[in-house]
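Please open the model in a viewer and keep the selection panel at hand.

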Amino acid sequence: MPIMERPDERKALEILRKSDPEKYQEAILLDKPDIQNPDQNIGVEVTQSLKESVLKALNLDGINIHNEEQILENIKKRYGNDVLRINLPLPDDTKKKIAISISNWHSLFNLIEAYDNKVEKLQSGNYQLFKENNLFIFVFGEDEKSIEQLAKHIYRNQTGRQYDFVYVYSQPNFYRIDRQMNIEMKRLSI
């Protein structure tokens with residue numbers, strides 16, 4: 001059965017090829033992990049972080065994103081218990097229409113949750129492992145503070161298998177984070 005290509009994975013590969021062509025020019029889209037370059041012995045898993053962006057679009061970005069009860073209470077009070085229909089602003093000044101069931105709120109990840117979810121899956125043995133295993137996270141409107149918090153989280157939580165580098169892309173900013181809390185940022189025009 002052929003592997004279904006997702007647009008976010010294709011975009012991640014395009015971004016990686018632009019940011020580090022030596023490592024990713026010959027990489028291909030596969031699965032578990034999503035991007036693989038066997039010649040360079042590199043694999044990259046791709047995911048998204050949406051929670052902060054949704055809260056911002058709902059004008060709830062001032063509340064503690066780690067307090068799920070407070071978030072859900074505020075959302076239900078303002079928008080009801082059914083489905084949120086919002087226009088999510090994207091970094092290129094366009095909007096993406098999304099619908100989120102309130103009952104599925106827990107499935108949206110913030111940046112650290114997106115990372116932790118993928119690290120947990122890396123431990124499962126269901127992923128092909130490479131000499132270098134990386135994670136690529138798309139975010140929409142992430143701020144510097146969240147990037148720094150993720151870098152600290154990565155540094156403090158090094159148990160079991162870990163990603164060598166975590167790439168975070170919030171158009172046009174591309175961040176590369178290693179396990180020692182080093183953060184490199186490039187502005188990419190893609």
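Select G43 and N133 first: G43 stands opposite N133, which belongs to strand β6. Strands here are DSSP runs of E with at least two residues, helices are runs of H or I with at least four, and both are numbered from the N terminus. This is a predicted model, in which local features need pLDDT of at least 70, side-chain atom pairs count only at pLDDT 80 or more, and totals for chains, interfaces and linings use all residues. Residues are numbered from 1 along each chain as its sequence is written, and side-chain values use heavy atoms, with hydrogens and water left out.

Now extend the selection to residues 42-49 and 132-139. These are β3 and β6, and they pair in the parallel sense over eight bridges; two strands count as paired if DSSP finds at least two bridges between them. Is β3 mostly covered or mostly uncovered? Seven of the eight residues in β3 are buried, where buried means under 20% relative accessible area, exposed over 50%, and partly exposed in between, with a 1.4 Å probe and protein chains only.

The hairpin of β2 and β3 has four residues between the strands, and N41 takes a positive phi near 60° in it.

Turn then to the aromatic rings. Rings of Phe, Tyr and Trp (its six-membered ring) pair if their centres lie within 6.5 Å; planes under 30 degrees apart count as stacked, over 60 as edge-to-face and the rest as tilted. By this rule there are six aromatic pairs. Select F136 and F138: the ring centres are 4.9 Å apart and the planes lie at 55°, so this pair is tilted. Both F136 and F138 are buried. Y167 and F174, by contrast, form a stacked pair, with 5.4 Å centre to centre and 20° between the planes. Y167 and F174 are buried as well. To see one aromatic cluster, show Y24, F136, F138, Y167, Y169 and F174 together.

Finally, select residues 111-123 (helix α5) and 144-156 (helix α6), whose axes come within 9 Å and cross at roughly 30°. The axes are lines fitted to C-alpha atoms, for helices over the stretch in contact, and angles run from 0 to 180 degrees between N-to-C directions. Where the helices meet, by contact of heavy atoms within 4.5 Å, the residues include L111 and Y115 in α5 and I147 and L150 in α6.
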